[in-house]
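Work through the exercises below with the sequence and the structure open. Try each task before reading its solution.

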Amino acid sequence: MAFLSVPMGMGYAQVAGLPAIYGLYSSFLPILFFGLITTSKNFVFGVDAAPAALVGGALVTLGVQPESAKAMELIPFLTFLVALWLFVFAIVRAGRIVRYISTPVVGGFVTGICSTIILMQIPKLFGGTAGIGELDHLILHILECLPSFHWLSFLLGLGTIGIIRLSEKFFPKFPVQIFVMIGAGIAVYFGKLDALGVKLLGAVPAGLGRLRFVIFDPEYVMELLPISLSIAVVIMTETLLASQGNARKDREKLNPNREILGYAMGNMVSAFLGSCPVNGSVSRSSVARQYRATSQILSVTASVVMLGILMFLTPWIAYLPIPVLTGIIICALLRACEFDLLKKLFRTSRKEGYIFLSAWFGVLLFGTVYGVVIGVVLSFVAVVIQSMDPPREFLGIMPDGVNFENLKKEPHAREIPGVKIYRFAGHLFFGNVDVLEEDLRKTLTESVKCVILDASGITNVDVTGAERLKLLGEEFREENITFYLTGHSAKVNEMLFAYGAGQMVREGMVRRNILSALHAAGYEEMLGDDPGTYKMGRAMAEFRWAFGKDWRTELQNYVAEALESLEEEGISEHEPIHIAKVISWGEPTVFDEEELLDQMEVALLEEEGAMSRTMASEMLDRLRDGVELRRLEQEKRLLNEDPRAFWKLYHERFLYLEKLKRENGGEYRKMAENWEKHLANWKASDPYVENLIRQEWKEF
């Protein structure tokens, strides 16, 4: 990595307007600081094309001669401002931007950057100079360099590319680049290639340079601030996107804000070395991946090796031919291009393939920042288009009577007579709710008596979507069609309440799943047998899911209404209260009944104690008697059919009494009296079981 940074760092330093040696200075300490901070395992930092080109362009705009004393003063100051902007980005957590950039955008962006740098480097293959700018400028520069085409340089560069590409194919782990560089240096030394017109890197002074104070220049500060901001944005977006793409390939996660902090520290050190802004290097990172780098010891070691190069090997640098080094750089960039991703996208999703191409050519034609903006905008456009035409299908029941599949794709799925089951996936909002209504209306016939909307794929509902669902339910009711919303998360129920459609929940139009909706609609005979009769509270679980955090209040209201209804209808003496009269949610189990009977018992105790309304004493006694009879009846059946469920039921009751004892002593004493009456009834019915219950209670 250090050897590869020699030609790249020196070349890009010259593009920025600095003497070549400063490219080596920025390939020493900045890389070390980045390696110690970054969360990426194999991404490489250093002097790179985009920031260097922007700095070089800024000098032209300001009328400053490259490599002049003024350039040597302004460029470190510009780098310092870039570092300050990056520190600000880290503080405000600007790294979150990467969450909103899709894989096709990342792939197109990286490929665009690589293509741009390759076009910059092509003239150096045949003896020309590196270009700067966008696609039109780069092509024009290549054409301008053609008259001075040098065949020996071109053959050296082309031969280098051929050797490296063949080595990558047959010996991928062999570090052929280093041997090519050494061989090229030997050929220049003994073959005097420079005398034949081949350009060399040239001699550079030995040593580490020196740290210096950044000179604040008030004359240029207002002009440099926006330039430094644009460079900081380029460094952040380009490096984050490329390193994020790298991390995805390795199935790793980055900390974006810590990455930006690493960029800031690297640039701050580069400023005090008197050098230009530094950036993530796609080409060097590609080589790191090729040789299976697995930690940032890579960067630490490269920094130490660069120290050795600066101290002892600068004379050797003078013998390195530019066409050979350019060939090495181009090979690294070709490897980093995401052409395989592009092929995959066009096989699976042409829309995303076009987004890739847009980001790619956006970078080529308009530069880094505009390329990213184009790709991101197109990503959001694609999301909007997709959300307005979401996946949807009509379902049929499978032979097992439990699962439901697409009627068109699954040959064994059959439609339930009188029922339409429709699955809709995605965010339900003003832009696609018409699609849902039209799909349902098209399929309605006189025979349809029940419509079930499988909302398991609906993750969000806006106010328009909630309002239209509510109106749809009301319209179906007028047409004597039962309507259910099923399978969605509890969050959707909260949204229905928030947007004024909570009545759908209270009226039982939302159900936990399709089976629950079919049970509620009276289609039990169409379904498979469910052996889990005594599984933990299916109905109450559905009730809690429907009402969310307000379920306790809703349950109390529900029980109060049920008791009023029982009082109005009247209840005969010694008649058990049947749970079907109390709850219409889901399929109540014994555990559900236990919880409901507790709630009814509490409500009746409150009636007796507060005397808040004029319920006849005789009716109170009958209701309490009905609750007790129903509890005893269910427990006997449960003990006979499933003893384990019976004792689990009692353990749940013990927990409830213990909690009541801690939280409400007065209510606990009243419940304890009822508990004793219940045990007395067991004693009268079966003294042996009553004795076992008391023993369990003591042990508990």
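The model is predicted: local features need pLDDT of at least 70, side-chain atom pairs count only at pLDDT 80 or more, and totals for chains, interfaces and linings use all residues. Residues are numbered from 1 along each chain as its sequence is written, and side-chain values use heavy atoms, with hydrogens and water left out.

**Exercise 1. Give the strand order of the open sheet and name its edge strands.**

Step 1. Helices (H or I, at least four residues) and strands (E, at least two) are DSSP runs, numbered from the N terminus. Two strands pair if DSSP finds at least two bridges between them.

Step 2. The open sheet has six strands in the order S4-S3-S5-S6-S7-S8, with mixed pairing.

Step 3. Strand S4 (404-406) and strand S8 (510-511) are the edges, since each pairs on one side only.

**Exercise 2. Follow the pairing from S4 through S3 and S5 to S6.**

Step 1. Strands of a sheet pair through backbone hydrogen bonds, either parallel or antiparallel.

Step 2. Three bridges hold S4 to strand S3 (residues 392-397) in the antiparallel sense. Asparagine 406 in S4 is found opposite leucine 395. The hairpin of S3 and S4 has six residues between the strands, and glycine 401 there has a positive phi near 75°.

Step 3. S3 is also antiparallel to strand S5 (residues 419-425), through four bridges. Here glutamate 393 has arginine 423 in S5 as its bridge partner.

Step 4. S5 and S6 run parallel and are joined by six bridges. Isoleucine 421 faces isoleucine 452 in S6.

**Exercise 3. Is S6 largely enclosed or open, and which helix lies across S6?**

Step 1. Buried means under 20% relative accessible area, exposed over 50%, and partly exposed in between (1.4 Å probe, protein chains only).

Step 2. S6 is largely enclosed by the rest of the structure, because six of its eight residues are buried.

Step 3. Helix H19 (residues 463-478) lies across strand S6 (450-457) and strand S7 (482-486), and runs at about 150° to S7. Axes are lines fitted to C-alpha atoms, for helices over the stretch in contact, and angles run from 0 to 180 degrees between N-to-C directions; contact means heavy atoms within 4.5 Å.

**Exercise 4. Which helix gives the largest share of the nonpolar patch?**

Step 1. The nonpolar surface patch covers about 1,100 Å², and its residues include Leu166, Phe174, Ile186 and Tyr319. Patch residues have over 30% relative accessible area and no salt bridge, and nonpolar side chains (Val, Leu, Ile, Met, Phe, Trp, Tyr) are joined within 5 Å, like charges within 9 Å. A salt bridge is a side-chain nitrogen of Lys or Arg within 4 Å of a carboxyl oxygen of Asp or Glu. Accessible areas come from the Shrake-Rupley method with a 1.4 Å probe; for residues, only the protein chains shown count as cover.

Step 2. Helix H8 (151-170) and helix H9 (176-191) each supply at least two residues.

Step 3. H9 gives the largest share, six residues. Isoleucine 186 is located in H9 and is partly exposed because its relative accessibility is 45%.

**Exercise 5. Where do lysine 192 and asparagine 480 lie?**

Step 1. Most residues other than glycine have a negative phi.

Step 2. Lysine 192, in the loop between H9 and helix H10 (221-249), has a positive phi of about 50°.

Step 3. Asparagine 480, in the loop between H19 and S7, has a positive phi of about 60°. With 62% relative accessibility, asparagine 480 counts as exposed.
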